[in-house]
Amino acid sequence: MPSAGDPSQEGVVEGGLALLQGLELGEQPTVDWDWISRNFGDEILPALIGHVYLSFISVAIALAIALPVGIFVSRYRKAYPPVTFVTGLLFAIPSLAFFALLVTIPGVGVGPFPVIVALVAYSLLVLIRNVVAGIDSVPAETIDAARGMGLTKRQILFGVEIPLALPVIVAGIRIATVTIIGIATIGAYIAAGGLGVLIFQGISQDFPTKIIVGAALATLLAILADVTLLRFQRLFSPWTRRAGRA
Amino acid sequence: MNGILEVLRRGGFGQLLLTHIELSVLALLIGIAIAIPVALAVNRSPFWSAVAINIGNIGRSVPSLAILAFALPIFGLGFVPSLVALAALAIPPILINASTGLRQVDPKIVDAARGMGLSGRQILTGVQIPIAAPIIFAGIRTAAVQVVASATLATFIGGGGLGDLIVEGFQRNDIYIQLAGALSVAVLAIITELGFGFLERAFTPKGLKVARKRRGK
């Protein structure tokens, strides 16, 4: 046990005071790297994995809804404006409000479920719009040629239209994914887990390191998803690469 | 329903709504005041335009809660830190749309204007900006909706606004306060979305509308 006059202890106290004063003065606080290395396995990593899980499930469900709906409204144009209007309104609802509304529905309660529902709702607008825009971007001559070759409607859809629409659809998935990774952080407020847990704990415990780790990882995850999906987008459109070189 | 109305009639509600609107409007104005001049400044150079667009893209990937949370250790709690964070949030969509919008103006049109003897400034204000106006305005609309939504999160760093009601509802486990907060925020956001959609159409120059009709769009 160090005595009260222990110089090493005084140093710690002074350091702590300086950090507190720094906070009060609004100076940039130092990141506690020691905390990060001590808690990487049991706090940071689970939050990161939870975040990836929430985002991935939501985009996958949203895609499963948006693809058939998008194909349908690209055929029945009358349905397109109301669909974009409704999904546009859903998209405009602030996430915290959306979560708060969903939680009040009897039998829902807090947890990942209402967050996934909201994240799916947010993705629909972008995904449906891009499915329709992708199918629209297929030149009429190409479809004519396919019909001339004797392809059925179904064959044209799956063999010609969807493959050619893929880059635009992937562009939509990219925007939706980046948006969802961002919004998923707020899900931690209603106990859905993810990187938001670190941010909210950092705020309530007045511990900047947690805030910075949570916020930085969420940002990096979003940028990583953006870059990866951009690669896919280019992979699915080899013709633009060739055109670019010519 | 009555329970919700009761919360809305409380004395504090007007103040929260006002703070929410103040935060949003000021943040949007600051965002415009920074993003538009930068977009105009980089307009002439393809390199700096690409830099601006890429910075905008990265900025847009930063989660809004992360921007607000970052502001806390740097600027502390309260209205001003929230305003700074929300303004930072408003910049990327405006910057991206203004830069791409100005760059997408058909070079033939700019050539024609130059051939007519217009100066660089005249081309910018009389040709490029009007043609890019709808795209620039779409960026402002995106930013506005995002700022109104994210202002809800200002409550977590003591910035006030309607998010206070939602948090109060959760903390007291009072469904009416929670619903009152959530519904009023949702309505405010939807009004912003629809209102800016209307303004966007109003900001489209007549000439562009005619051209669009002719192309059968």
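These legends describe close-up views of a predicted model.

**Figure 1. Chain B as a whole.**
Chain B has 10 helices and 0 strands. Read from the N terminus, its elements run α-α-α-α-α-α-α-α-α-α. Along the principal axes, the C-alpha atoms of chain B fill a box of roughly 70 × 40 × 25 Å. Chain B has 217 residues, and 50% of them count as buried. For contacts in chain B between residues at least 6 apart in sequence, 79% join residues at least 24 apart.

**Figure 2. Helix 1 of chain B and its buried face.**
This view shows helix 1 of chain B, which covers residues 2-9. Its buried residues are Gly3(B), Ile4(B) and Val7(B). Seen down the helix axis, these buried residues fall within an arc of 100°, so they line one face of helix 1 of chain B. An α-helix has 3.6 residues a turn, so residues three or four places apart point the same way. The face turned away from the buried side of helix 1 carries the exposed residues Asn2(B), Glu6(B) and Arg9(B). What covers the buried residues of helix 1 of chain B includes helix 2 (11-42), helix 8 (163-172) and helix 9 (175-203) of chain B.

The side chains of Glu43(A) and Lys210(A) form a salt bridge, with an N to O distance of 3.5 Å. Glu43(A) belongs to helix 2 (residues 33-75) of chain A and Lys210(A) to helix 9 (residues 208-235) of chain A; the two residues are 167 residues apart, and the pair links distant parts of the chain. Glu43(A) is partly exposed, at a relative accessible area of 26%. Lys210(A) is buried, at a relative accessible area of 5%.

Glu161(A) is buried, with a relative accessible area of 6%. Arg75(A) is partly exposed, with a relative accessible area of 41%.

Arg114(B) and Asp111(B) form a salt bridge, and their closest N and O atoms are 3.6 Å apart. Both residues are in helix 6 (residues 107-115) of chain B; because they are 3 residues apart, about one helical turn separates them. Asp111(B) counts as partly exposed, at 48% relative accessibility. Elsewhere, salt bridges that share partners join Arg141(B), Glu193(B) and Glu200(B) into one network. Over all chains, the count comes to 10 salt bridges.

**Figure 3. The second largest pocket.**
The second largest pocket has a volume of about 350 Å³. Its lining consists of 15 residues, and those nearest its centre are Asn43(B), Arg44(B), Val110(B), Arg114(B) and Gln128(B). Arg114(B) is also a partner in the salt bridge with Asp111(B). Helix 5 (79-103), helix 6 and helix 7 (120-150) of chain B each supply at least two residues of this lining. Helix 7 of chain B gives the most, with 5 residues. By type, the lining residues of the second largest pocket divide into 7 nonpolar, 3 polar and 5 charged.

Notes. Residues numbered from 1 in each chain as written. Chains lettered and ligands numbered in written order. Predicted model: local features only at pLDDT ≥ 70, side-chain atom pairs only at ≥ 80, totals over all residues. Heavy atoms only, no water. Salt bridge = Lys/Arg side-chain N within 4 Å of Asp/Glu carboxyl O. Helix = DSSP H or I, 4+ residues; strand = E, 2+ residues; numbered from the N terminus. Buried < 20%, exposed > 50% of the residue type's maximum accessible area, 1.4 Å probe, protein only. Arc of directions from axis to C-beta. Contact = heavy atoms within 4.5 Å. 1 Å grid on protein atoms, 1.4 Å probe; cavity = no way out; pocket = protein on both sides within 12 Å on 5 of 7 lines; lining within 4 Å. Points joined across faces, edges and corners; volume = space filled by probe spheres on them. Nonpolar A, V, L, I, M, F, W, Y, C, P; charged D, E, K, R; others polar.
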